[in-house]
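Hello,

Please find the structure we spoke about below, with the sequence alongside. My notes on what was found in it follow.

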Protein chains: 2
Amino acid sequence: MSLHGDSVLAVGTVAFDTIRTPFGARERVVGGAGTYVGWAATRIVDSVGLVSVIGDDFPASELDEMQCAGMNLDGVELRKGEKSFFWSGAYHMDMNTRDTLATELNVLADFVPSVPKALRFAKWVMLGNIDPKLQLSVLDQMEERPKLIVLDTMNYWMDSALDDLLAVIARVDVVTINDEEARQLSGQHSLVRAARHILDLGPKYLVIKKGEHGALLFQKDEAGALEFFYAPALLLEEVVDPTGAGDSFAGGFLGHIARSNATDFDTLKQAVVVGSALASFTCEAFGTERIRTVSEREITDRIEAFRRLVDFAPIAVPAI
Amino acid sequence: MSLHGDSVLAVGTVAFDTIRTPFGARERVVGGAGTYVGWAATRIVDSVGLVSVIGDDFPASELDEMQCAGMNLDGVELRKGEKSFFWSGAYHMDMNTRDTLATELNVLADFVPSVPKALRFAKWVMLGNIDPKLQLSVLDQMEERPKLIVLDTMNYWMDSALDDLLAVIARVDVVTINDEEARQLSGQHSLVRAARHILDLGPKYLVIKKGEHGALLFQKDEAGALEFFYAPALLLEEVVDPTGAGDSFAGGFLGHIARSNATDFDTLKQAVVVGSALASFTCEAFGTERIRTVSEREITDRIEAFRRLVDFAPIAVPAI
């Protein structure tokens, strides 16, 4: 399978998750950052190349479905006799915070991503949340500088591998992290100051994900002033399982940029809305159950719901 | 002083606050829900009638300034030899949560609000956060049913006076509470379900205030379907003191409705934006320092900043 011009390359885990919420539970459903990025992005672009590693416990039928949906799995290493990465977590009552109950690295323990030749010219790259050393190695394998590189990471790497993390942050275009991580990385409580600090580390754009409170996009304009955009999260009647929402956001976000073949601030604002829409679908069911069936029409309707959510009529100048 | 057609009547405390934040502190600054509602509303309408009670420790110069700004204080009872209500609180690092350090009821202990005759025809009424029995007594004193009644309350009254609270909720048009209080009052974690539950108690509209995460407006349409609007909070470089932000929101919110002389959903959406703008000013300094100097032009600029914050270009249908 070859890559189209709008194709996305994503590195990230393909794994099993056991998920408990206050309202339900699922054992060993298919999950992982790469999986969610892939499902979300294939809702928008034709082809998404995945770079990952799995054990031979991963179901072949699942791999078939991913390929049928447009995922190029040439970069997914299959290790015979080994087990896939496994994560288990339990959500708190607020469905916005969780405890990790178990992490079994398995095949991930000594994973070294290898980007297949055909994928080394990808123009749109998503570096999912893995060891920043591995994220760097993916960038080193690219034949050409991609048009846009998005990096996801987490507090664990800030604590354990800050130098490597800063090295990869300096080489990407967009950093996506949550609000607590933005505060930790910058040492600033104010998100405005945190954003300014993180943009000084190199990236052109910063996305701060606030879960049920939406997502913020920041850039510095040519004069150095901070510009921002706020996409609130859609209100869902019921959040069934937020696992993978951030990765679905990333897949929708980068998918929209790839489809638009543009990296200006206006396109990135739209991308935040598309990403938020795809994240909201993922929350509606356990695992990838919902995101894998999302249609073009459903995405369009949800984007329209976002616009209505924040739309208000012009307000006349107060006459004091 | 008589009331104009667009005048607002507000019942709420006029008091002293001692405020500590991780970044600063102030001793005995002028505060209280009624004070903040009054300052915010007078930024937008000509006259705001206050119903409250103070001791003779309250500075006469402050009363003069409030009157000059357009507040009618005929309904503010002055008790000789007694002390004004006093509250002291300390904000946590997140500036979104706080601990109460002291509450001295003083004159508030046996306060019975008395609405002066000239104010009993007010069309726009704000029932600030006090004992629901007192809120009911204010409504009973009105000569005509106001065009719109807004109620603020807090978890304390849900715990200690739920029956009275439900009685007053059934008689108002808008309830404004924060997200945790909405969850407590409804017994529902999902804000969508909480909103449906609270609207079933009687009010036409519900505003859920989420502090730094903005505010939500809900109504049921004619078919019973829930409609909502989300005004994100403006991002401030620095939140100096959030005390009174919710009351400033209420003052701006009801002020806009009064000025517009309309109570439809589109007007209430605008009112949420105006309220959010005024709340953001209050957060920029301790006490009423900032809100009392806000100009017409500054409000207009901030409303424009709200529009820019959420504005994105139309997104073409995905071409899968």
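**Notes on the structure**

R183(B) and E212(A) form a salt bridge across the two chains, with 3.6 Å between the closest N and O atoms. Please keep in mind that this is a predicted model. In total, eight salt bridges are counted between chain A and chain B. The count of residue pairs in polar contact between these chains, with both residues at pLDDT 80 or more, is 21.

On the side of chain A that touches chain B, the elements that give two or more residues are α7 (191-199), β12 (215-220), β13 (226-231), α8 (245-260), α9 (265-282) and α10 (296-310) of chain A. Of these, α10(A) gives the largest share, with eight residues. By type, the residues on this side of chain A are 27 nonpolar, 16 charged and six polar.

By contacts, 49 residues of chain A meet 49 residues of chain B. By area, the two chains bury about 4800 Å² between them, and 59% of this lies on carbon and sulfur atoms. Three residues, L235(A), E237(A) and F312(A), supply 15% of the area that chain A buries against chain B, more than any other three residues.

**Salt bridges in the whole model**

Over all chains, the structure holds 42 salt bridges. One of them lies within chain A, where the side chains of D140(A) and R171(A) meet at 3.1 Å, N to O. This pair links distant parts of the chain, with 31 residues from one partner to the other. D140(A) belongs to helix α3 (residues 132-141) of chain A, while R171(A) sits in the loop between α5 (162-169) and β10 (174-178) of chain A.

**Sheets in chain B**

V8(B) is placed opposite V48(B) in β4(B).

Another open sheet in chain B has four strands in the order β3-β2-β6-β7, again with mixed pairing. Here the edge strands are β3 (24-31) and β7 of chain B, each of which pairs on one side only. Neighbouring strands of this sheet are turned by 15° against each other on average, direction ignored.

Which residue in β3(B) is the bridge partner of R20(B)? It is A25(B). The strands concerned, β2 (residues 15-21) of chain B and β3(B), pair in the antiparallel sense over six bridges.

At the other end of the order, strands β6 (residues 86-91) and β7 (residues 98-104) of chain B also run antiparallel, joined by six bridges. S88(B) stands opposite A102(B) in β7(B). These two strands form a hairpin with six residues between them. In the turn, M95(B) has a positive phi of about 60°.

Regards

Technical notes: Residues numbered from 1 in each chain as written. Chains lettered and ligands numbered in written order. Predicted model: local features only at pLDDT ≥ 70, side-chain atom pairs only at ≥ 80, totals over all residues. Heavy atoms only, no water. Contact = heavy atoms within 4.5 Å. Buried area = accessible area lost by both parts, 1.4 Å probe. Salt bridge = Lys/Arg side-chain N within 4 Å of Asp/Glu carboxyl O. Polar contact = N/O pair within 3.5 Å; in protein donor to acceptor, adjacent residues only side chain to side chain. Nonpolar A, V, L, I, M, F, W, Y, C, P; charged D, E, K, R; others polar. Pairing = 2+ DSSP bridges. Axes fitted to C-alpha atoms, helices over the stretch in contact; angles between N-to-C directions.
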